[in-house]
Amino acid sequence: MTKDHRTGFPFLEALQASPTPVVMEVKRRDAHGYDMLGGRTPAAIVGAYESAGAPCVSVVTGRWFGGSPALLRDVAALTALPILQKDFITRKDQIRTARELGASAVLLTAALLPASSMRTLVTECLLTGLTPFVEITNESELATVHHPEECVIAVNNKDIKTRERGAGDLGRSLDLLPAVRAAGAACPVSASGIDSPHTAAALLDAGFGGLLVGTSLLRTGSPAAWVDAMEGTRKGLAVR
Ligand SMILES: O=C(O)c1ccccc1NCC(=O)[C@H](O)[C@H](O)COP(=O)(O)O
C-alpha cells in the first residue's frame with residue numbers, strides 16, 4: 001500500500017471501510033506522566049497495531065504526553081496507514097507542517113478553539129487534504145464544527161481542561177451520539193477512556209463508526225487479542 005495524499009481523504013476512508021474501526025494510538029506517556037511504551041520501540045508498537053488490523057494510527061505529539069514532531073515523522077516512516085496527529089493545533093501553519101510530517105488527519109479540540117478559529121482550521125484541513133478530527137465534549141462545541149459531514153467528529157470521554165487525568169465518562173459518548181449523527185458527521189467516533197474490548201464492543205454496537213484507543217491497547221500484551229475479544233463480544237452489550 002502506498003500513501004497518496006493527492007486523492008481523497010485516506011484517514012476517513014480507511015476508518016469507514018474497516019470492519020474493526022479502532023484508531024490505535026502511539027503515546028509515550030499518559031496524562032500522569034507514566035511511561036506507556038515499556039521499553040518497546042515505536043516500530044514494535046506500530047507492527048503490533050498493523051497485525052491487529054488497525055485502519056489508522058494516532059500519534060500524540062503533544063508535550064504533555066511526552067510527544068514530539070519527531071515521533072510523528074518516525075511513525076510515518078514505519079507505516080503506510082493513515083495517521084492522526086494529536087496535538088494542540090491552533091494555527092494554519094501547524095496543519096501544513098502536519099502534512100509534511102506525514103499526517104492524514106489532525107486533532108482540532110473544540111474546547112480550546114473559538115468558533116472562528118474552528119472554521120478557519122477545518123477549511124484549511126480540507127484544502128490541504130487532511131481530515132479534521134474534531135473532538136467535542138458537549139452540544140455547544142458540536143455547533144462550532146464547520147462542514148461536519150467532512151469531519152470525523154469524536155466525543156472525548158475525558159476533559160482536556162483537566163489534562164485528561166480523570167476517568168473517561170462513556171455516558172457522554174452515548175448521550176451525544178444522536179446529536180453528532182444529526183449534525184451529519186461522516187463517522188462518529190468515541191475517544192479516550194475506552195478501557196476494555198468489552199466497552200469498545202458496546203460503543204460500536206451503540207452506533208459509533210469508530211473508536212480511538214490509546215492506554216488500553218498500549219497496556220495489553222497483544223493488540224490482536226484485544227481486537228479479537230472486541231469482535232467476540234460485539235452483540236447484545238450495553239455500556240450502562
Ligand atoms: O485531547 C486533546 O486536546 C489532546 C491534545 C493533544 C494531545 C493529546 C490530547 N488528548 C489525549 C488523547 O488524545 C488521548 O491520548 C487519546 O484520546 C487516547 O485516550 P486513552 O485511550 O484514554 O489513552
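**A strand and its surroundings**

In this predicted model, valine 59 has glutamine 85 of strand β3 as its bridge partner. That pair belongs to the contact between β2 and β3 (residues 83–86), two strands that run parallel and are joined by four bridges. Strand β1 (residues 22–26) is likewise parallel to β2 and joined to it by four bridges, with methionine 24 standing opposite valine 57 of β2.

Strand β2 itself (residues 56–60) is mostly covered, five of its five residues being buried. Side chains in a regular strand alternate between the two faces of the sheet. In β2, Cys56, Ser58 and Val60 point one way while Val57 and Val59 point the other way, and all of them are buried.

Turning to the record, an unreviewed UniProt entry places the domain feature "Indole-3-glycerol phosphate synthase" at residues 10–224. The C-alpha atoms at the ends of this span lie 23 Å apart, and the span is 40% helix and 17% strand.

Which residues are the closest to the ligand? Of the 23 residues that surround the ligand, the closest are Gly62, Thr109, Ser192, Gly214 and Thr215. The elements giving two or more residues to this shell are β4 (105–109), β8 (210–213) and α9 (215–219).

Terms used: Residues are numbered from 1 along each chain as its sequence is written. This is a predicted model: local features need pLDDT of at least 70, side-chain atom pairs count only at pLDDT 80 or more; totals for chains, interfaces and linings use all residues. A residue is near a molecule or strand if its C-beta atom, placed from the backbone, lies within 6 Å of it. UniProt positions are given in the numbering used here, feature names are shortened, and annotations may be inferred rather than shown by experiment. A residue is buried if 20 or more other C-beta atoms lie within 10 Å of its own, exposed if 12 or fewer, and partly exposed in between; C-beta atoms are placed from the backbone. Two strands pair if DSSP finds at least two bridges between them.
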